[in-house]
Every structure is written in C-alpha cells, then in structure tokens.
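Visitor: Hello! Could you walk me through this structure, one question at a time?

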Amino acid sequence: MRRSWVSIFTVYAPMLGVPVLLFLYMITNLLHLSIVSRIFLSLIMLGLIVFGLMSFRDVFIDREKPYNYIHLNEREATAAAYQEKGKDDGSRSVEFEVKRFNPATKMLESELFRTRVHRFSTVLDALLDIKEKEDNTLAIRYSCRMGICGSCAMVVNGKPVLACETNVLQNSGEGRIVVSPMLGHPLLKDLVTDFDDFFERHRSIKPHLVRNDIEEKYSAQKEYPQSREELSKYLPFSYCIMCGLCVDACPVVNTNPSFIGPQALAQVQRYYADSRDQLGDRRLEMVDRLEDVWDCEFAGACSLVCPKGVDPAFAIQLLKAEIVRKDIAGK
Ligand code: SF4
Ligand code: FES
C-alpha cells in the first residue's frame, strides 16, 4: 500500500518524537548551554531528523513500487467498486491494434491488445498499461508525457500525433484504435523510429544564433533587446519540439528522401528572421536548392499535424519569397 506523508507524521514522528526530545534535553543539560544555544541546537537536530525521515521515505517506502503501478491499480479498484454498485465510472475497455515493426523480418506485424481506459487516458497511458500488464517487450519512446519533449510521436488511426496528447476515448470510435510507428523515419523496433538522420538535417542548417564576433559570447558587454515586432517574426517557428511529425506527414519527404524536410526548413526561417543572427543571406543560400526549399509542393500536411502550431509550410513560403525578392533586387 502507498504510504503517505500523513503516516510519516502520525505514526513515525510521535514514535520517535518523545525519545528525541528527552535526548535533546539531556544533552543540552549536560553541556550547560545557554537557553539560546539550547534552542539553536535543538532546531538543528530536529531539522536533521526530519531530513533523515524524508530520505528514509524516499528510498525505502515510495520506491517499493513505481508510481504508475500504484496509479493503475487504484484506477482498477475504483472501476471495480463502481461496477459492483451498478454505476458507470466512465471507464471503457478499448481494443488496441498495435502495428509493431519486427527488425528481424523487417515487417509490420499487427497485434491486438485490450485495456481499460478512463476519459482522460491518453494513447501513451494505454500503451504503458499494455506494456506493464500484457507485453513488456513492446517498445515505445517517451519522456515528458506532456507534449514537451517530442519523443512519443507515432501514428494513431492514420494520423501522425503525439501519443501523450491524444485522448483514447475521443479516437476509439467503436472501441477500437489503431497505432503504428511513423513511416517517414527509419524503423527500429515496434513503435520506435530512428531520428539520427532527422537530427543531422536539423544540425546541418546551423540551428543557433551566429554572430560575427565569435568571442562575444565569452565577454558580452551588452544585452540585445528586441522589439515586439522583431520577436513576432521568429517566435512561432521557435516552438518546434523536434517531434518529427511534420516530416512523417510530408508527401515530398516520403517520395524524395533527399528533400531536407519541413522541420529543418522551418528552423532556417526561425534563425533568418531573428534580428540577433548575423548569418543573413548565407542562411538563404544554404537552402536555395532544388532538394531544399524548391522541392516543397506546399501540400501543407506538415502544418496540419504540427502539435505546436509551428506552421512549417508557411515558413517555407516565406523563405521562397525572400529568396526571390533578393534575387530580383540583386539584378
Ligand atoms: S515543426 Fe512541428 S511537427 Fe515539425 S518537428 Fe517541429 S514541432 Fe514537430
Ligand atoms: S512524451 Fe514528451 S511529447 Fe509525448
């Protein structure tokens, strides 16, 4: 059973409190300390004892079982209690068809699982539940569980999404949901894809501010204030969490692997539009090639699936327009 802070202070503290106070009284008497020193010493010792209890709790009590395990069992207990009373607790049993990539056969193999979800369960919650109770070999990548790290990107009912931001009941229609890995990236195992090439493309566009004075960052003499207008030029594009969903959705990436892809191009615009960056036109030259901006067919699928509203399709059109404008101005 999960023990709480309440049990720490109602059971352990009174059990230890009386002997500890007697011990403190004896020590301070033996040392013939002044009343101020006694209070000071007592506070320090009490602090150490509380700290010790907290460490004890962290190491030996809370870690007996992972939090998720306890959480899931509580959820099941609640569902069972409601069902016993003939009430609806809002939870539902949902069938998951998981298309798992088998690296040995290099094929996607469908497997069916059934799990109980409540109305706030996400696809990631349900997959972790399946992994815990039915098949712990199921490979999933995730980290933050809150749409920040971009690790849990996958395809749910044919749409590239973040599993931790996709509600199961809203996407399971007749009680069934289909989950598969993103096919726009090389597959590793089950739902996990390889991001090496994706990160390499991101790195290739110099995704950082470039200043002419390279020593400046070690001895900056001033701040670089920006107006609201300057900020708004690049802010939307800076929200990219590198989840790779736009790349998976892009029809051009899927037919022409040498196309650099919407994520990297959106980041070119992000740094080109930043008033602090001094790489200037060289950023445009970097992507003014057939396999870069000019390969984009403006399908817009990247912007439709982006969970952060980055709008890579718009960023690419801004780059194209800027390249053409510079070209005309230069002639
Ligand atoms: S642009 Fe959007 S969809 Fe593409 S990697 Fe960044 S956050 Fe993900
Ligand atoms: S787990 Fe971090 S975005 Fe889903």
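Visitor: In what order do the five strands form the open sheet?

Guide: Happy to start there. This is a predicted model, where local features need pLDDT of at least 70 and side-chain atom pairs count only at pLDDT 80 or more, while totals for chains, interfaces and linings use all residues. Strands are DSSP runs of E with at least two residues, helices are runs of H or I with at least four, both numbered from the N terminus, and two strands pair if DSSP finds at least two bridges between them. The pairing is mixed, and the order is β2-β1-β5-β3-β4.

Visitor: Which strands stand at the edges?

Guide: Each edge strand has a single partner, so one side of each is left without a neighbour in the sheet. These are β2 (107–117) and β4 (159–162).

Visitor: How many bridges join β1 and β2?

Guide: Lys99 has Ser110 in β2 as its bridge partner. Strand β1 (residues 92–102) pairs with β2 in the antiparallel sense, and the bridges number eleven.

Visitor: Which elements give two or more residues to the shell around ligand 1?

Guide: Residues are numbered from 1 along each chain as its sequence is written, chains are lettered from A, and ligands are numbered from 1 in the order written. A residue is near the ligand if its C-beta atom, placed from the backbone, lies within 6 Å of it; 14 residues surround ligand 1, with Cys240, Cys243, Cys246, Cys306 and Val310 the closest. The elements asked for are α7 (245–249) and α9 (262–272).

Visitor: What is the mean pLDDT of the protein?

Guide: pLDDT is the predictor's confidence in each residue, from 0 to 100. Of the residues, 88% reach 70 or more, and the mean is 88.
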